[in-house]
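Open the model in your viewer and keep the selection tool at hand. The stops below go through it one selection at a time.

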Amino acid sequence: MENENEVQTQQPVQEQDNQPTQNEGQEEKPKVEFTPEQQKAISSMIAEKVAKERTKSAAKAQEVAQKAEQEKQDAIQKAIERTKMSAEERTEAERKDREKALEQERQDLARQKQEFKTKSMLVDKGITTDMLPLLMGADDEETSQRLDLLDQYVNKKVQEATERLMQGKQNPTGGNGSMTTSVPSSQNPWAKENFNMTEQQRIYTQNPELARQMISAAKPQGFYVGK
């Protein structure tokens, strides 16, 4: 009996030993270690980034809080003034408030429409929409006038840029005297009928020589990539 008791007490221990460990069969991932100098530099960059973001967020929060406080004070002041008015005067003041709000909505809607129309005009001319704040006028006529002024300003710069690009490469030819590359105008983003500044930038970046030939063939007169 004494031996049986010993076997029974030892059996759970043996079963526990036979159970696989949690990490058995799993490969340990290599640890990435930095030198003290590297860790210090990384910590410094992170701290600097966090500080900048906190400063930016704090400034924005302060601006919002100041605006909210100003609006609150204005509302309080308006309420005080309204209490001193007669019923007829309050009715008139409220009517003017509604008219002012409607006028502001009308102006916001008109501005949004003008932004959309101006962006379309810029895209049609191959001009980046980043220039919207500079070129958008109060209406289509003023916007067109600004675009015309831009054209007048850059025409001379365009000519100078073209001359610089083509200097020494007026007639790029092969050994037989023919043009090294012939590109149809329908594929030339500098051509008037196919003007596209995004495509100009791509070609000018990837193949400057091809860009020079295309510019020479199209002789563009307007704002374009390749200055």
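Begin with Glu 99, which is partly exposed at 44% relative accessibility; buried means under 20% relative accessible area, exposed over 50%, and partly exposed in between, with a 1.4 Å probe and protein chains only. The model is predicted, so local features need pLDDT of at least 70 and side-chain atom pairs count only at pLDDT 80 or more, while totals for chains, interfaces and linings use all residues. Residues are numbered from 1 along each chain as its sequence is written, and side-chain values use heavy atoms, with hydrogens and water left out.

The side chains of Arg 95 and Glu 99 meet in a salt bridge, at 2.4 Å from N to O. The term stands for a side-chain nitrogen of Lys or Arg within 4 Å of a carboxyl oxygen of Asp or Glu. Side chains of opposite charge can pair when their charged atoms come close. Arg 95 and Glu 99 are four residues apart in helix 3, about one turn of the helix. Helices here are DSSP runs (H or I, at least four residues), numbered from the N terminus. Arg 95 is partly exposed, with a relative accessible area of 32%.

Next, select Lys 49 and Glu 53 in helix 2 (residues 36–83), again four residues apart. Their salt bridge has its closest N and O atoms 3.5 Å apart. Is Lys 49 buried or exposed? Lys 49 counts as exposed, at 51%, whereas Glu 53 is partly exposed, at 33%.

Move to helix 5 (residues 140–166) and pick Glu 142 and Arg 146. This pair forms a salt bridge, with the closest N and O atoms 2.9 Å apart. Arg 146 is partly exposed at 29%, and Glu 142 is partly exposed at 26%.

For a linked group, select Lys 78, Arg 82 and Asp 97, which form a network of salt bridges. The structure holds twelve salt bridges.

Last, select the residues that line the second largest pocket: Val 123, Asp 124, Gly 126, Ile 127, Thr 128, Phe 195, Asn 196, Met 197 and Thr 198. Helix 3 (87–124) and helix 6 (197–206) are the elements that give two or more residues to this lining. A pocket is an open set of points on a 1 Å grid over the protein atoms alone, where a 1.4 Å probe fits, with protein on both sides within 12 Å along at least five of seven lines; lining residues have an atom within 4 Å of a point. The lining divides into four nonpolar, four polar and one charged residue.

Key:
Ala, Val, Leu, Ile, Met, Phe, Trp, Tyr, Cys and Pro count as nonpolar, Asp, Glu, Lys and Arg as charged, and the others, Gly among them, as polar.
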